[in-house]
Amino acid sequence: MTNSSNKYILMVMTAVLLSACSVTKKYERPATLSTDNLYRDQTSADTTTIADMPWQSVFKDEKLNALIQKGLDQNLNLKNAIENIIQARASLSQSKLAYYPTLQLDANATHTKQSEAGLNFPAGININTLTTTYKLGLSTSWEADIWGKLSSSKRAALASYLATDAAKQAVQTQLISDIANNYFLLLAYDKQLKITQETLESRIKNVETIKDLKEGAIVTGAAVVQSEANQHAAEVLIPDLKRSIRETENAINILLAQAPGPIDRGELGSQIVPENIAVGVPSQLLQNRPDVRQAEFNFRVAFESTNLARTYFYPSLTLTASGGFSNLELKDFFSNSIFYSIIGGLTQPIFNQGKNKLRLTTAQSQQLQAYNNFQQSLLTAGSEVSDALYSYQMAVEKEDSRAKQIEALEKAVDYTQQLLEYSSATNYTDVLTSEQNLLAAQLSGINDNLQKLQALVNLYRALGGGWK
């Protein structure tokens with residue numbers, strides 16, 4: 001080959017490579033909305049965040065941790081998410097193998113009977129119209145990745161795999177959150193049931209006391225009836241609480257992928273929260289929140305799909321080769337039977353009913369949608385952090401006031417009961433009101449504690465904790 005030919009080939013290859021650079025674009029992380037105020041009123045520059053803590057350190061209840069671990073081992077949604085990863089990994093491997101040529105083995109025997117009249121040969125020529133051809137060969141095909149079609153497909157498959165992995169992490173963080181929230185709810189129901197049962201016992205005794213006071217003409221029959229109604233008001237709360245306990249246990253069992261049954265658990269009053277509830281800075285959501293990362297990977301899939309759509313406007317270069325043995329006689333199969341062919345083909349789309357243009361338009365639109373979804377996921381994450389953090393702060397703020405309220409109402413119940421027994425300055429309506437207010441405040445205090453614990457769980461999940 002002459003030097004001029006070599007130069008010509010080099011010039012063509014250089015032109016091809018330069019053209020390829022302009023066909024597909026290099027991926028860069030898309031611009032996001034400002035994250036400065038995503039947490040609303042939280043302007044700390046400290047990057048310490050509870051999202052970096054393992055869930056075993058966030059939750060101190062060993063029975064809760066045992067349930068979470070069982071959920072991670074058995075939950076069916078999490079198992080399906082893992083299967084999605086396996087499928088995405090297979091697709092990624094398949095995209096990598098597209099760089100290599102295909103290789104096929106072909107072995108066949110063809111028995112053919114032709115028509116003498118159809119051959120239209122002159123009379124007197126003896127023609128064998130019945131033949132059997134034996135063939136054994138290999139064929140291969142390879143497409144050169146000139147315009148980045150295969151590269152874009154591989155990068156899209158990689159981004160899809162990473163998105164699937166992030167989706168599994170999101171399922172895991174949600175699972176931990178659901179188990180913990182239901183566990184604390186179960187403890188709250190237990191505590192409310194215990195207080196209600198203790199209140200019922202007290203009111204049953206109170207009915208007997210009121211009956212004795214009526215015998216002494218200190219109160220009227222109306223007070224007896226009111227005390228009995230007050231007793232039944234406590235009784236009617238118990239079946240609903242038991243039903244809620246049963247339903248919450250069943251909900252936890254679903255998360256654990258096991259049949260309905262009792263849940264081994266601790267007590268609400270023994271729960272310990274981390275001393276430092278640190279949230280870090282909003283920009284950390286880009287790395288810590290699995291759903292935000294999944295949204296970005298989905299955008300990258302759409303970006304590479306747009307790259308892929310651009311390559312369809314350019315010619316494809318395919319090399320095919322085949323070779324082997326072919327003979328009419330099986331006994332002489334390898335004698336003078338070798339055949340082969342090598343074909344290099346260049347296919348340039350000219351008119352394709354507008355499919356290439358519409359394919360690109362669709363890909364660009366889907367890329368814009370993926371970008372919007374990415375932005376939306378970041379806004380949602382920031383809002384969830386803000387809501388959970390504020391809920392936690394408000395629950396803490398209520399603790400002191402609620403404790404003082406309950407203490408005051410306990411004294412009010414004692415005072416009114418004593419006044420009712422030893423003085424005519426009060427009546428049973430005062431006792432009834434103070435008792436009802438006390439029970440309501442005690443149940444609300446339990447809900448305050450539940451709000452604090454669940455806000456911690458939701459904050460941990462909103463910050464992206466639980467998957468590392």
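Student: How many salt bridges does a search of the whole structure find?

Tutor: The model is a predicted one. A salt bridge requires a side-chain nitrogen of Lys or Arg within 4 Å of a carboxyl oxygen of Asp or Glu. Searching the whole structure for such contacts gives a count of 18.

Student: In which helix do Arg-243 and Asp-240 both lie?

Tutor: The side chains of Arg-243 and Asp-240 meet in a salt bridge, at 3.9 Å from N to O. The two residues are three apart, about one turn of the helix. Both lie in helix 8, residues 237-255.

Student: Is Lys-404 buried or exposed?

Tutor: Lys-404 and Asp-400 form a salt bridge of 3.2 Å, N to O, and both lie in helix 11, four residues apart. Asp-400 has a relative accessible area of 48% and is therefore partly exposed. Exposed means over 50%. Lys-404 has 52% relative accessibility, so this residue counts as exposed.

Student: How many residues apart in sequence are the parts that Arg-461 and Glu-384 tie together?

Tutor: Arg-461 forms a salt bridge with Glu-384, with the closest N and O atoms 2.8 Å apart. Arg-461 lies in helix 12 and Glu-384 in helix 11 (residues 355-422), so the pair ties together parts whose separation in sequence is 77 residues.

Student: Which residues do salt bridges that share partners join into one network?

Tutor: Arg-461 is buried, with a relative accessible area of 17%, whereas Glu-384 is partly exposed at 25%. Both belong to one network of salt bridges that share partners. The residues joined in this network are Arg-289, Asp-291, Glu-384 and Arg-461.

Student: What kind of aromatic pair do Tyr-27 and Phe-299 form?

Tutor: A pair of aromatic rings is described by the distance of the centres and the angle of the planes. By the rule used here, the count comes to seven aromatic pairs. For Tyr-27 and Phe-299, the centres are 6.1 Å apart and the planes stand at 50°, which makes the pair tilted.

Student: Why does the pair of Tyr-27 and Phe-299 tie together parts apart in sequence?

Tutor: Tyr-27 lies in the loop between helix 1 (3-23) and helix 2 (55-58), while Phe-299 lies in helix 10 (residues 290-311). Tyr-27 is buried, at 15% relative accessible area, and Phe-299 is buried at 6%. The pair therefore ties together parts whose separation in sequence is 272 residues.

Student: What kind of pair do the rings of Phe-59 and Tyr-460 form?

Tutor: The ring centres of Phe-59 and Tyr-460 are 6.1 Å apart. Planes over 60 degrees apart count as edge-to-face. The planes of these two rings are at 85°, so the pair is edge-to-face.

Student: At what distance from the ring centre of Tyr-312 does Arg-359 lie?

Tutor: The charged end of Lys-149 sits over the ring of Tyr-312, 4.6 Å from the centre. Arg-359 lies over the face of Tyr-312 as well, and its distance from the ring centre is 4.0 Å.

Student: Which residues make the nonpolar surface patch of about 410 Å²?

Tutor: Strand 1 (102-113) and strand 2 (130-144) each supply at least two residues of the patch. Leu-136 lies in strand 2 and, at 31% relative accessibility, counts as partly exposed. The patch is made by Leu-103, Leu-105, Leu-136 and Leu-138.

Student: What radius of gyration does the protein have?

Tutor: A compact globule of 468 residues would have a radius of gyration near 23 Å. The C-alpha atoms of the protein, however, fill a box of roughly 140 × 55 × 40 Å along the principal axes. The radius of gyration of the protein is 39 Å.

Key: Residues are numbered from 1 along each chain as its sequence is written. This is a predicted model: local features need pLDDT of at least 70, side-chain atom pairs count only at pLDDT 80 or more; totals for chains, interfaces and linings use all residues. Side-chain values use heavy atoms; hydrogens and water are left out. Patches are made of residues with over 30% relative accessible area and no salt bridge: like charges are joined within 9 Å, nonpolar side chains (Val, Leu, Ile, Met, Phe, Trp, Tyr) within 5 Å. Accessible areas come from the Shrake-Rupley method with a 1.4 Å probe; for residues, only the protein chains shown count as cover. Buried means under 20% relative accessible area, exposed over 50%, partly exposed in between (1.4 Å probe, protein chains only). Rings of Phe, Tyr and Trp (its six-membered ring) pair if their centres lie within 6.5 Å; planes under 30 degrees apart count as stacked, over 60 as edge-to-face and the rest as tilted. A charge sits over a ring if NZ of Lys or CZ of Arg is within 6 Å of the ring centre and within 35 degrees of the ring normal. The radius of gyration is taken over C-alpha atoms; the globule rule is 2.2 Å times the number of residues to the power 0.38.
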